[in-house]
Amino acid sequence: MKLSEYFLPTLKEDPSDAEVVSHKLMIRAGMIRKLASGIYSYLPYGLKAIQKVEKIIREEMEKAGAIEVLMPSVQPKELWEESGRWNYYGKELLRFVDRAGREFCYGPTHEEVITDLVRNNIRSYRDLPKNLFQIQTKFRDEIRPRFGVMRAREFIMKDGYSFDIDEESAERTYMKMYEAYCNIFKRCDLDFRAVEADTGNIGGSFSHEFMVIAESGEDTIFLCRHCNYSANKEKTEVGEKVCNININEELKPLEKIHTPNKKTIEEVSGFLNVPPTKLVKTVIYLVDSVLHMVLIRGDREANEIKVKNYLKANEIRLATNEEIENTLGIPVGFMGPYKLKNIRIIADISLKGLKNFVTGANETDYHLVNANFERDIHVNEYADISEAKDGDPCPRCDNGELYSKKGIEVGHIFKLGTKYSLAMNAFYLDEKGQEKPMIMGCYGIGVGRTVAASIEQNHDQDGIIFPIPLAPFQVIIVPLDIKNHEIIEVSNNLYKKFREIGIEVLIDDRDERPGVKFKDADLIGVPFRINIGNTYKKENKLEVFYRKTKEKNLMNFQEVIEFFKNKF
């Protein structure tokens, strides 16, 4: 492709509304343009990168036995009512009414549609298993779209769904998809981790997220230094190993201490000269319209997702000060579990065995010192409901220690079980003619997000450094003097030869200074640049520049051809 004929509007300056590197560079490199909040057009250069990811996905899906379909993005309300998600999904679901008054949504995902498709066309165990996938545009009405295509409202997604006859078969399919996803992200040349994850709105029994490691990532993942354990923050287990702080202390008499205007952990800890590990803080949640009290050690934070999952709740949020004071009659800032019996109290597992701790006295400006469970405080149950921290012991091995990294979620696989097949009557007849629900799995990849994550991981101060598998063009030819007949002739001959042997090549035939051409080539991140200028005129040598390492090599025309033949 000749750059003079290509649609590649690059920019010199960062856009003012871009927050992360990938957003800035995708706009500057002429890959995307904003149409509305969270809605972007892919320009030719960006589309080519998207198509590279899609090609890898299709090849690995087909290797794993998955079959491609294409389902409508507009979905009827009735299907979502069958699954129970029409009201549950929330405002992210874009709903609208057609001219006949029928209600629809623009699909954020396709569990309902695929389940309807399969239940109407598969009835026998002989037709199972089936593994179907698509690459389709989705829409989620994010309350705050940001980071360009990383968290857009409209986005391209690969979603796949499997249907099996039993748990054993479903496990095999899940592991095939796990391996296929690992292969996809390896082929994209990404530094990634597959981590245990929460199932969220999709539902199901367990799941894995595929996280690209990047400092700009919104998600935190925890990994063990000793074994292969890894999980995202919402799922990372905090075992009983964190409990053993002072379990051998003798019980001391309970005291009520005046703590004027001391409400936070830091304030109370400093005032009483007690470490945060010996403070118990109280968090009140409204769980499906009922108040629950959660107790957390002073040096830790409550994990709302863990609380929600433990309580099997549909909705959860922090209770307001007014709700706490009106319902429990206790002042916010000095709350504690002492003598409370009209509320369910769940204590984090890190508190098990803790002795002589400090907690709120349920009285303004007072705390209790030397409080103890059983003697002073009734707890309904202990559960793992706190966030993991760097340095926590690994929940899987004896000697491991957890450490955290930032990551960008690019893929997510779920074992759905029978959540949708039972709700939507997706049954099959087994060998004995008995009806049984299909066991489902769900497998998603954010296609545009994968491209953006690659840029977050591969860039420098000059622009993008595309990994070869995702590069829209593998080589850019840069003639440095377009008025020189000899330079133009060899540039055009090289361009034609590359096209003949199947190398994706761009030639910068613009009448621009060499510095401008170099800057644009660096910005758009083409892996190899071939400079043709004075060195060719003097020595018949072409300069091959490798974008990633900035290494330069001089080669004659035929050596360049052979080098790139072998390279690609």
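Student: Which residues of helix α4 are buried?
Tutor: A word on the basis: this is a predicted model, in which local features need pLDDT of at least 70 and side-chain atom pairs count only at pLDDT 80 or more, while totals for chains, interfaces and linings use all residues. Residues are numbered from 1 along each chain as its sequence is written, and side-chain values use heavy atoms, with hydrogens and water left out. Buried means under 20% relative accessible area, exposed means over 50%, and partly exposed lies in between (1.4 Å probe, protein chains only). By that rule, the buried residues of α4 are Glu111, Glu112, Val113, Ile114, Thr115, Val118 and Arg119.

Student: Is α4 as a whole largely enclosed or largely open?
Tutor: Helix α4 runs over residues 111-119. Seven of these nine residues are buried, so the rest of the structure leaves α4 largely enclosed.

Student: What sort of peptide bond joins Leu128 and Pro129?
Tutor: Pro129 sits in the loop between α4 and β7 (130-139). Omega for the bond from Leu128 to Pro129 is about 5°, and the bond is cis.

Student: How many helices and strands does the protein chain have?
Tutor: Both are DSSP runs, numbered from the N terminus: H or I with at least four residues for helices, E with at least two for strands. On that basis, the secondary structure comes to 14 helices and 31 strands.

Student: What share of the chain's contacts with a separation of 6 or more joins residues 24 or more positions apart?
Tutor: Contact here means heavy atoms within 4.5 Å. The C-alpha trace they hold spans about 95 × 65 × 50 Å along its principal axes, and buried residues make up 52% of the 568 residues. For contacts with a separation of 6 or more, the share from residues 24 or more positions apart is 70%.

Student: Why do the buried residues of α14 line one face of the helix?
Tutor: Helix α14 covers residues 557-567, and Val560, Ile561 and Phe564 are buried in it. An α-helix has 3.6 residues a turn, so residues three or four places apart point the same way. The arc is taken from the directions from the helix axis to the C-beta atoms. Seen down the axis of α14, the buried residues line one face because they fall within an arc of 100°.

Student: Which residue caps the N-terminal end of α14?
Tutor: The buried residues of α14 are covered by elements including β27 (475-479), α11 (485-500), β29 (528-532), β30 (542-546) and β31 (551-555). At the N-terminal end, a side-chain oxygen lies 3.2 Å from the backbone nitrogen of Gln558.

Student: Is Lys550 buried or partly exposed?
Tutor: Lys550 is placed in the loop between β30 and β31. Its phi is near 65°, a positive value in a residue other than glycine. The relative accessibility of Lys550 is 39%, so this residue counts as partly exposed.

Student: And is Lys339 buried or exposed?
Tutor: Lys339 belongs to the loop between α8 (321-328) and β17 (344-348), and has a positive phi near 60°. With 63% relative accessibility, Lys339 counts as exposed.

Student: Which side chain makes a polar contact with the side chain of His367?
Tutor: His367 lies in strand β19 (residues 366-371) and, at 6% relative accessibility, counts as buried. A polar contact is a pair of N or O atoms within 3.5 Å; within protein, one must be able to donate a hydrogen and the other to accept it, and residues adjacent in sequence count only if both atoms are side-chain atoms. Leaving aside neighbours within four places in sequence, His367 is in contact with residues including Glu255, Lys262, Phe334 and Val358. The polar contact, at 2.8 Å, is with Thr259.

Student: How far apart are the C-alpha atoms of Glu431 and Ser124?
Tutor: Glu431 sits in the loop between β22 (427-429) and β23 (435-437), and is exposed, with a relative accessible area of 68%. Glu431 and Ser124 are 307 residues apart along the chain, and their C-alpha atoms are separated by 8.4 Å.
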